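Colleague: I would like to go through how some of the labels in this model were assigned. Please start with the terms.

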Amino acid sequence: MAKVAIMGYGTVGSGVYDIIEMNSRKLAKSAGEAVELKYILDIRDFDDHPRKDLFTKDVNDIINDNEISVVAEVMGGLHPAYEFTKKLLESGKSVVTSNKELVATYGSELLAIAEKNNVNYLFEASVGGGIPVLRPLSRCLSANNIIKIAGILNGTTNYILYQMIKNHKSFNTALADAQANGYAERNPAADIEGHDACRKIAILASLASGKEVDYSKISTEGITGITLDDVKCAEAAGAVIKLIGYAEFLTNGKVYAHVAPMMISNGNMLSGIDDVMNGIMVTGDAVGEVMFYGAGAGKLPTASAVVADMVDSVIHKSRRKIIGWEKTDEDIAASDDDMKFRYFMRAEKSIDEVTAVFGNVTELDSLAEDESAFITEPLTASDAAADREKLGSVKTAIRVLD
C-alpha cells in the first residue's frame, strides 16, 4: 500500500482528495497497489470535514513519517511551498505539483535534489491543468527535435478575448464578466499582464530544450492594450487575436520565447480555441504539428493531472522517472532581433504614407476613414519599432502567428 499526503486544501487540493476517494479502485489498479491518503496539510480548521482526522497544521508530520512516499504540493505561491518541497525531496519522498510559479522559479534546483535522492518531482498540472502535455512532450515526442511551441496557456485571457470576438464586448466589460463567473481573480494582473502564461511557456521551453529557460528573460506583454477595434479589424481580415506563449528552438542552440497577443488566421488550429479552454501546438521535425486541447484550469481537471503524477510516482518509487531539464551557465536566450514576424498594425495615416515607410504591405479593411490597417512584411522587433516611430500615429502593433 502506498501512503500519500496533500499539502494545501484549496480548490485543487480538495479536488485531489475527491479523486482519491471516488476513484480508489481505479487508482489501485493503475498503481499496482492501493493508494491511501494519510495527511492533508492546511493551516485552517475543517471540523465539519468527514475525514477531519487527516488534517494537520505541521508539515513535519509528513516529512518525518517514513510511511509517506508521495506528496501533492497544491499550496500555490513560492513560500513556504519551496521550503516544504525541498525538505520532502531531501527526506526521500516524491513530490508532485500544480504550482507553475514554483516550477518556473526553482524547478532546476528541485529536479536536481530529486535526482540526488532518487525520487520524483513531477509537475504535469503546472502548465495545461488537465491537459496532458508535459509527459507526451518528454516521452511520446522524444524522437523529434522540437521546432516550436505556440499555446493559448491562460483560460482567463482567452475568455476575455473570446467575449470581445464573439459578443463584441469591450475589454473592461469582458474582464468584469470573467470576474463575475469566477474565471478571473479580483486582482487579475497575473493573467491579463501575461505573467501566468510566461511561467508556463518557460516550463514547456525548458522541457523541450533540456535546459533551463529563465522566465524572467522572456519578453512578456499582456492583453490590456487590445481594443474592440483591433478585434473587429482582425475579424474582417479572417483572423482572431489570442494571447500566445511562444517558443522557437533555433539551430544554434538558442531558445526564442515571448508572451504576447498575436493575430492568428482562422485557418490555424489555435484560432478555434474558445472560451476558457487552452490549446498547445507543438511542432516536431518528424511528426509535424500536434495539438493538445482541453481545460487548462479548474478543480477536477487540474486535480486529475496531479493524481496521475501521484500514481506515476508510486509506480516509479523504486526507479526514478526521468523528466526535466538542467540548469546551465550558458546563455541560451535568443534576443527579439534573432526572429522576424509580420505585424498587424493600425495607424492614422494614409496607405501611401504607410508604404513609404514599410514598403510592401498587405492592406486590410479599416474601420475608420482616417486610418489604415495593414500587415507588414517580416521584421525584427527593432526594425518594427523604428518604422513605427518613423511613421508615427500607430495605434496597434501586434505580431502575426504564421
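Modeller: A residue is buried under 20% relative accessible area, exposed over 50%, and partly exposed in between. The model is predicted.

Colleague: Why is H168 called partly exposed?

Modeller: The relative accessibility of H168 is 34%. H168 is located in the loop between α8 (155-167) and α9 (171-180), and its phi is near 55°, a positive value in a residue other than glycine.

Colleague: What makes N118 partly exposed?

Modeller: N118 has a relative accessible area of 43%. Since buried means under 20% and exposed means over 50%, N118 is therefore partly exposed. N118 sits in the loop between α5 (100-116) and β6 (121-122). Its phi is positive, about 55°, although N118 is not a glycine.

Colleague: Why is E377 called partly exposed?

Modeller: The relative accessible area of E377 is 37%.

Colleague: How do you know that the side chain of E377 makes a polar contact with the side chain of N360?

Modeller: The distance is 3.5 Å, and the cut-off for such a pair of N or O atoms is within 3.5 Å. Leaving aside neighbours within four places in sequence, E377 is in contact with F341, R342 and N360.

Colleague: What is the peptide bond from H79 to P80?

Modeller: That bond is cis, with omega near 10°. P80 lies in the loop between β4 (68-73) and α4 (81-90).

Note on methods: Residues are numbered from 1 along each chain as its sequence is written. This is a predicted model: local features need pLDDT of at least 70, side-chain atom pairs count only at pLDDT 80 or more; totals for chains, interfaces and linings use all residues. Side-chain values use heavy atoms; hydrogens and water are left out. Buried means under 20% relative accessible area, exposed over 50%, partly exposed in between (1.4 Å probe, protein chains only). Contact means heavy atoms within 4.5 Å. A polar contact is a pair of N or O atoms within 3.5 Å; within protein, one must be able to donate a hydrogen and the other to accept it, and residues adjacent in sequence count only if both atoms are side-chain atoms. Helices (H or I, at least four residues) and strands (E, at least two) are DSSP runs, numbered from the N terminus.
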